[in-house]
Amino acid sequence: MDISSGEDSDISESEMEEYEDKSYDKLKNGKHTIKVSEETYTCPYCPKKKKRNYLYKELLQHASSVGNSISGKRSAREKANHLGLVKYLEKDLMAVGSSSKPAAQEDPLSGCDHDEKIVWPWTGIVVNIRTRRSEDGRSVGESGSKLRDELIRRGFNPIRVQPLWNYRGHSGTAVVEFRKDWPGLHNALSFEKAYEADHHGKKDWGANNDVKYGLYAWVARAADYKSNSIIGEHLRKTSDLKTISEMMEEEARKQDRLVSNLTNIIETKNKHIKEMEARCSETSKSLEVLMEEKDNLLQAYNEEIKKIQLSAREHFQRIFNDHEKLKSQLESHKKDLELRGVELEKREALNDSERKKLAEELDENAVQNSALQLAALEQKRADENVMKLAEDQKRQKEELHNRIIQLEKQLDQKQALELEIEQLRGSLNVIRHMGDEDDIEVLKKMEASLKELREKEGELEDLEALNQTLIVRERKSNDELQEARKELINGLKEISSRAQIGVKRMGEIDPKPFLEGMKRRYNEELAEERASELCSLWEEYLKDPDWHPFKCIKLEGEEEYQEVIDDEDEKLRDLKDEMGNEVYKAVTSAIREINEYNPSGRYIISELWNYGEGRKATLQEGVIFLLKLWNTAKRKRGMI
């Protein structure tokens, strides 16, 4: 059982797994004896320990506790030996260990003070959990699930392990929740005894030692429940104090109520059974009566069938006799028909000439009918042509009438205009004859002004026509430029480049600040998932047309109002408080872009962008950049 002196030197942490396999092979080959009797075992690696004999489950707990210990007192070789022992117990001695039923079925309440107040639901306390400082100064530690899995593997079967947190982060303590029944209490007490056996119980934790390594654990009792620590606060919120006697009395009361309820149910079921038996007997009697009636009916049916078969046979015989009589009558009728056929053949020869005449008359009638039908079709076509000509003539008359009315209106307008011109000329002549030389000069100036006015009006009409032509050309050019801009944007989307000119998705939220914010709270994998979810949520907020986080302010020295981000908006304020200023800037920047480039649709659009100057790029800049890319690619092909 002793370990050889050649193995006194310790091993490194990296060699533990290899040494664990060697230790397992030695145990499997029988180099170390661990079985003392049918139910007791010993640890070959702890010869100096006071307690030498264990039950199977106790030895498994001891080996798991030492092998997974984080205490600095345990050497790497000692941990590896005990882990090899765990592997040997689980793989090779599982069947033997599972046969020790008296130990597994011992009374969980033996050795317990029934009047001692214990926290219920049964709860364990774990302290001295290793923590570390995160970047934000808060303490963080391992999750409770890892410690829970370790305790399950050691056979304590906890439901949940919940680390306790305060304003500084992880407090270094945790509570272990067990099942609420008696097996749960047994697991909790086994959990406490295992740590006490390893000198990591409550008394060891309270001892005035300088440095403590590893986890210390015990079952929560009244002192822990009433303490002013974070453990006491948690226990008072989630648990209660009860004695084992109270639990047994309460369980007895529940069991009595259950027995009473089950007794009532059994009595009710018995009544129902008696009623069903009575009904069953009545049904059996009625079935016997029905079976007798059925037999009588079946006998009567068989007799009736025999009578029907006999009458059917007689009826068939009568039909056969009648058939023979009809057959003889048909033979005589057949002979009469043959004689009549001979006579008809003679008459048919006489009627052939008459039939030929009738056929010729029918052919002539058919020719006449076809001619009449053709004539009717021609008449119908002629009628349709006449109707079309009438409609065309009517339409032409209406158009001619409208044209005459229009010409009359134009003639009236022309005559009115000529009359007005003649009146103006007459008035000018009257002024010319009646006025002196000064008046004549005035009239000349008037005529010159009128002439110049007419010329200006003609030039104005020419300019208006030219302006309309230019407007049409400008619209056409703008449409072509917009199409060219769209094609340029689509082309640059496919070019992966970090140049000065490129395509920017206006209104798209930058996910990097979200990822950096989540990394400060979670691990990398969970941070990416949470950051993606939060970023997608805010993209949906941006698409909401009912959300408009802007306000109008009047700048100093200006009369116009300017639209800016509303810092008092509830969503933006909560985002800034929760995620920080960088995430807030990323969201507000996307909101401004949406409001500027697509306020009506509120969805992301692509835009030609000058990254060097941080503004919208012109079409000329995009074309110049594209030509540079083309020339570069052309030179590369020439070099190849």
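Mentor: Let us start with an open sheet of 3 strands, ordered β11-β14-β15 with antiparallel pairing. Its edge strands, pairing on one side only, are β11 (501-506) and β15 (615-616). This is a predicted model, where local features need pLDDT of at least 70 and side-chain atom pairs count only at pLDDT 80 or more, while totals for chains, interfaces and linings use all residues. Residues are numbered from 1 along each chain as its sequence is written, and side-chain values use heavy atoms, leaving out hydrogens and water.

Trainee: What counts as a strand, and when do two strands pair?

Mentor: Strands (E, at least two residues) and helices (H or I, at least four) are DSSP runs numbered from the N terminus; two strands pair if DSSP finds at least two bridges between them. Here 2 bridges join β14 (residues 605-610) to β15, and Trp609 stands opposite Lys616 in β15.

Trainee: Which helix packs on the sheet?

Mentor: Helix α16 (residues 581-597) does, touching β11, β14 and β15. Contact means heavy atoms within 4.5 Å. The direction of α16 makes about 95° with that of β11.

Trainee: At what angle do α2 and α3 pack?

Mentor: Axes are lines fitted to C-alpha atoms, for helices over the stretch in contact, and angles run from 0 to 180 degrees between N-to-C directions. For α2 (residues 56-67) and α3 (residues 76-91) the angle is about 145°, with the axes 8 Å apart. Among the residues that meet are Leu59, Leu60 and Val66 in α2 and Leu83, Val86 and Leu89 in α3.

Trainee: How should I read the largest pocket?

Mentor: Rolling a probe the size of a water molecule over the atoms shows where empty space is left. On a 1 Å grid over the protein atoms alone, with a 1.4 Å probe, a pocket is an open set of points with protein on both sides within 12 Å along at least five of seven lines, and lining residues have an atom within 4 Å of a point. Of its 40 lining residues, the closest to the centre are Arg130, Val140, Gly141, Glu142 and Ser143. Helix α6 gives the largest share of the lining, 4 residues.

Trainee: Where is the cis peptide bond, and which residue has a positive phi?

Mentor: Most residues other than glycine have a negative phi, and most peptide bonds are trans. The bond from Trp120 to Pro121 is cis, with omega near 0°; Pro121 is in the loop between β3 (117-120) and β4 (123-127). Asn128 has a phi near 65° and lies in the loop between β4 and β5.
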